[in-house]
Amino acid sequence: MENRHINIVSFSIPFPANYGGVIDVYHKLVALHSLGIRIHLHCFRYDRQPAPELDSLCETIHYYPRLTGVAVHLSTLPYIVRGRNNPELLKNLLANDYPILFEGLHSCYFLNHPALKGRKLIYRESNIEHHYYYHLFRAEKKISHKLFFLLESIKLKLFQSKLSHASAMLAVSEKDTEYLQNRFPGKEVHYLPSFHGNIEPSGKPGMGNYAFYHGNLAVSENTLAAEFLIKEVFNDLEIPLIIAGLNPPQSLRDLAAQYNITIFANTSAEKMEELLREAQVNVLITFQATGLKLKLLNTLFKGRHVLVNSKMLAGTGLDDLCEKAEDASGLKIELKRLIHTPFDGKTSEQRAKILTERYSDKVNAKKLLEYLF
């Protein structure tokens, strides 16, 4: 495989791998590199610095500035797509004839460009983006942000038709696979779970003494979930709750302080993993069933008990590995039970069987190569 080359167009610099989308991209690079694939990485720079840690995984790396500002907003194209229009990217893609993997709808500005006609063009889905942005619209409280999310949802739905130019599509969940198959009948669509970097489950046997919720707290969906847990679930429980994540808004910090709930903001990856492993119950809920929640996968590999609602599980096939509840009352009942239930080897064995069969990075990297070549 040493003579096999691919282009990967990433919406952002995939290191550090500390939130959903970039986790998938980074560990995909690791898995493909381990198989001897020579990677030509193209990524957009806007909130992260170039990462020397990627040099050993890639044959070449190109960084492109992402466009931002009012002019990008005024375009009929989605903001997340229009801002990633860079002529240098097209020039570099045309400098070779290797397959191109477009990571997320964000990176697909050139997917239908006439100059790329006849090339192997693979779309890697991470979310049904117009659904995702519509849910952000519903969850957001600021009027200006609500308007942006609504308009972006409409633009993304219109732009989605460009995916008909892809040679194949790779979806992160069974639910999204079914959606794309129905939306693009006759188009090659495959289910390929997210890459995550875990090899086998390593949940710590025994007991912890707190519950844990984590996520990118700058995203309104996750803020809404955290607020729900604070006000509706842990408001009268004696079980300690710890919340951790990127950039929590001040409103969430103030709410947590009212209920004596601890928030860890922008903590290191090592501290985040320690909090996850030591928790007795990892509580993960969402109000939108989109994509594959990578934090769920990571928690099942590394944590003890995992308590979720059904929307967190949609299309994942992980239902048998989680405890489930749908409302505040049900979550309270399960929390009171699980806080006193030791985590044992039998649960770890069940996780190992399902997770290593379905979510092996090595196995899924080999599947990816079948689609690329």
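1. Helix H5, which spans residues 129–139, is a helix in the DSSP sense (H or I runs of at least four residues, with strands being E runs of at least two, both numbered from the N terminus). Its buried residues are Glu129, His130, Tyr132, Tyr133, Leu136, Phe137 and Ala139, where buried means under 20% relative accessible area, exposed over 50% and partly exposed in between, with a 1.4 Å probe and protein chains only. Among the elements that cover these buried residues of H5 are helix H3 (79–82), helix H6 (143–159), helix H7 (174–183) and helix H8 (220–233), contact being taken as heavy atoms within 4.5 Å.

2. The model is predicted, so that local features need pLDDT of at least 70 and side-chain atom pairs count only at pLDDT 80 or more, while totals for chains, interfaces and linings use all residues. Residues are numbered from 1 along each chain as its sequence is written, and side-chain values use heavy atoms, with hydrogens and water left out.

3. Ile122 belongs to strand S5 (residues 121–124), and it counts as buried because its relative accessibility is 0%. Leaving aside residues up to four places away in sequence, Ile122 touches Ile100, Leu101, Phe102, Ser167, Ala168, Leu170, Tyr371 and Leu372.

4. One cavity of 30 Å³ or more is present in the structure; on a 1 Å grid over the protein atoms alone, a cavity is a set of points where a 1.4 Å probe fits but cannot get out, a pocket is an open set with protein on both sides within 12 Å along at least five of seven lines, and lining residues have an atom within 4 Å of a point. The largest cavity has a volume of about 60 Å³, and the residues that line it include Tyr123, Glu129, His130, Leu156 and Leu180.

5. The second largest pocket holds about 150 Å³ of space. Of its 14 lining residues, His305, Leu321, Glu323, Thr347 and Arg351 are the closest to its centre. Strand S12 (305–308) and helix H14 (345–358) each supply at least two lining residues, and the largest share, three residues, comes from H14.

6. Helix H10 (residues 269–278) packs against helix H11 (residues 294–302) at an angle of about 65°, with the axes 9 Å apart; axes are lines fitted to C-alpha atoms, for helices over the stretch in contact, and angles run from 0 to 180 degrees between N-to-C directions. In this contact, Glu273, Leu276 and Arg277 of H10 meet Asn298, Thr299 and Lys302 of H11.

How values were computed:
Grid points are joined across faces, edges and corners, and a volume is the space filled by probe spheres set on the points.
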